[in-house]
Amino acid sequence: IPPLNDAEWQEEFLKYQQIPQFHQLNPDMDLAGFKSIFWWEWGHRQLGRVIGLVWAVGFIGFLKARAIPAGWTGRLLGLGALGGLQGAIGWWMVSSGLKGAMVDVASYRLATHLGLAFVILGLCAWYVFLLGRSETDLMQARRVGERKLVGLSTGLMHFAFLQILLGALVAGIDAGRGFPTWPDMNGQFFPADAFYVPGGGGVWRAFFENPGLVQFMHRMAGYLLFAFGVVVWLRGRKSAHGATRAAFHGVMAMMVGQVALGIATVLTAAHMHIAITHQIGAVILWVLIIRARHLAMFPVAGSIREGTA
C-alpha cells in the first residue's frame, strides 16, 4: 500500500534519504522528485503481481474446465514458476542498490532480470505459435521443415539474446551516455581507459563495469549480429514457403530499424524516449526471430493458385 497522507510520504522519503543513492546522486531531491521515482517502482511491482494473478486465474480456470490440451499442463505451470522466479530475482536486483556504497542496482543482476524476462516472453511466443495450429497440422508441417534454416535461426536467436544481455549491462551502468559519437567512440575506435575500474578487483570486472568497454562490446556485437542476420535472411529468402520467406523479411527489416535506433540512441546520449524505443525494438525483433524459426521448423503450406506458395 503506498503512502496515503503527507506524514506517510515524509516517512518514506526519510527512509530513502538513508541510502547511498540519495547522498551521492540525488542530494537535492525534494519530495515531489521522490514521489516520481516511487510511483515508477511501485507501479512496476504491481504490474508484475497483476501478471502473476492473470497467469494463476487463467491456469486454474482452464485446469478446472479441463480445457488444457494434452501435454501442456507442465509447460504452462512452468511459465508460472518462471514468473515467480522473476519476482524473486527482481527483489534480489533491487536489494543490491541498498547495500554498501551502491547507488544503483548491480548491472549483473539487472541483466539476469532482463534476460529471464526475455526467456519468459520467448516461451510465451513459442507456445502461442504452437497452440495456434492443430497437432495434425504441426506433425505434417514438420516433415517438410527446413533443417538448415532452423539451425541458422536458432543461432540468430541465441546471438540476439546475448546482445540483449549486453544491452542490459549498458543500461545498468549508464554506459550509453559517455560516448555520444558514431562510428567512433569520442574520436577513437577503441575507448580510452577501457580496462580501468575504480577500486580495482581485476581486469575481468572491466568487461562488466567499465562504461567504454561495455558500450564497445555492445556495438561490436551489434555489427556481428547484423552481419549474421543478413546471412540468415539470404538463406530464408530462398525458402520454398511464402510465409517463411515473409517472416525472414520481417526479421531483416526490424534488424535494420534496430541498428538505426541503436545509432540514434548513441548520438543522443541515450535520450530516454529513443533508448526506450530501442528497447521496445529488441522485444519486437526477439519475437520476430522466434516466429521465423517456428515457420522454418513448421512451414505453412502455400498455394500456387492463390499466390501464397
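Me: Buried means under 20% relative accessible area, exposed means over 50%, and partly exposed is in between, using a 1.4 Å probe and protein chains only. Which of these is Thr 112?

Reply: Thr 112 is partly exposed, because its relative accessibility is 34%. Before going on: this is a predicted model, where local features need pLDDT of at least 70, side-chain atom pairs count only at pLDDT 80 or more, and totals for chains, interfaces and linings use all residues. Residues are numbered from 1 along each chain as its sequence is written, and side-chain values use heavy atoms, with hydrogens and water left out.

Me: OK. Where is Thr 112 found?

Reply: Thr 112 is in helix α5. Helices here are DSSP runs of H or I with at least four residues, strands are runs of E with at least two, and both are numbered from the N terminus. The C-alpha atom of Thr 112 is 7.7 Å from that of Ile 89, although the two are 23 residues apart along the chain.

Me: How many helices and strands are in the protein chain?

Reply: The protein chain has 11 helices and 0 strands. Its C-alpha atoms fill a box of roughly 70 × 60 × 35 Å along the principal axes. Of the 309 residues, 38% are buried.

Me: Which residues in the largest nonpolar core touch the most other members?

Reply: They are Trp 126, Val 251, Trp 286, Ile 289, Ile 290 and Phe 298, out of 37 residues in that core. A nonpolar core is a set of buried Ala, Val, Leu, Ile, Met, Phe, Trp, Tyr and Cys residues joined through side-chain atoms within 4.5 Å.

Me: Which elements give two or more residues to this core?

Reply: α5 (107-131), α6 (135-143), α7, α9 (211-236), α10 (242-267) and α11 (272-297) do. The largest share, 9 residues, comes from α11. In soluble globular proteins, nonpolar side chains tend to be buried together.

Me: New topic. How many aromatic pairs are there?

Reply: The count is 21. Rings of Phe, Tyr and Trp (its six-membered ring) pair if their centres lie within 6.5 Å; planes under 30 degrees apart are stacked, over 60 edge-to-face, and the rest tilted. One of the pairs is Trp 9 with Phe 38, edge-to-face, at 5.0 Å centre to centre and 75 degrees between the planes.

Me: Where do Trp 9 and Phe 38 lie?

Reply: Trp 9 lies in helix α1 (residues 6-16) and Phe 38 in helix α3 (residues 31-64), so the pair ties together parts that are 29 residues apart in sequence. Trp 9 counts as buried because its relative accessibility is 7%, and Phe 38 is buried at 15%. Tyr 16 and Phe 22 are also an edge-to-face pair, with 5.9 Å between centres and 75 degrees between planes.

Me: Which residues do ring pairs link into a cluster?

Reply: Trp 9, Phe 13, Tyr 16, Phe 22, Phe 34, Phe 38, Trp 39 and Trp 42.

Me: Which ring does Arg 75 lie over?

Reply: Arg 75 lies over the face of Trp 72, 4.2 Å from the ring centre. For this, NZ of Lys or CZ of Arg must be within 6 Å of the ring centre and within 35 degrees of the ring normal. The charged end of Arg 237 sits over the ring of Trp 233, at 5.2 Å from its centre.

Me: And how many salt bridges?

Reply: There are 5, among them Glu 12 with Lys 15. A salt bridge needs a side-chain nitrogen of Lys or Arg within 4 Å of a carboxyl oxygen of Asp or Glu. In the Glu 12 and Lys 15 bridge the N to O distance is 3.6 Å. Both residues lie in helix α1, 3 residues apart, about one turn of the helix. Glu 41 and Arg 45 form another, with their closest N and O atoms 2.7 Å apart. Glu 41 and Arg 45 both lie in helix α3, 4 residues apart.

Me: Last topic, the backbone. Which peptide bond is cis?

Reply: The bond from Trp 182 to Pro 183 is cis, with omega near 10 degrees. Pro 183 lies in the loop between α7 and α8. Asn 186 is in the loop between α7 and α8 too, and has a positive phi near 55 degrees without being a glycine.

Me: Where is Ala 269 found?

Reply: Ala 269 is in the loop between α10 and α11. Its phi is positive, about 55 degrees, although it is not a glycine. Ala 269 is partly exposed, at 24% relative accessible area.
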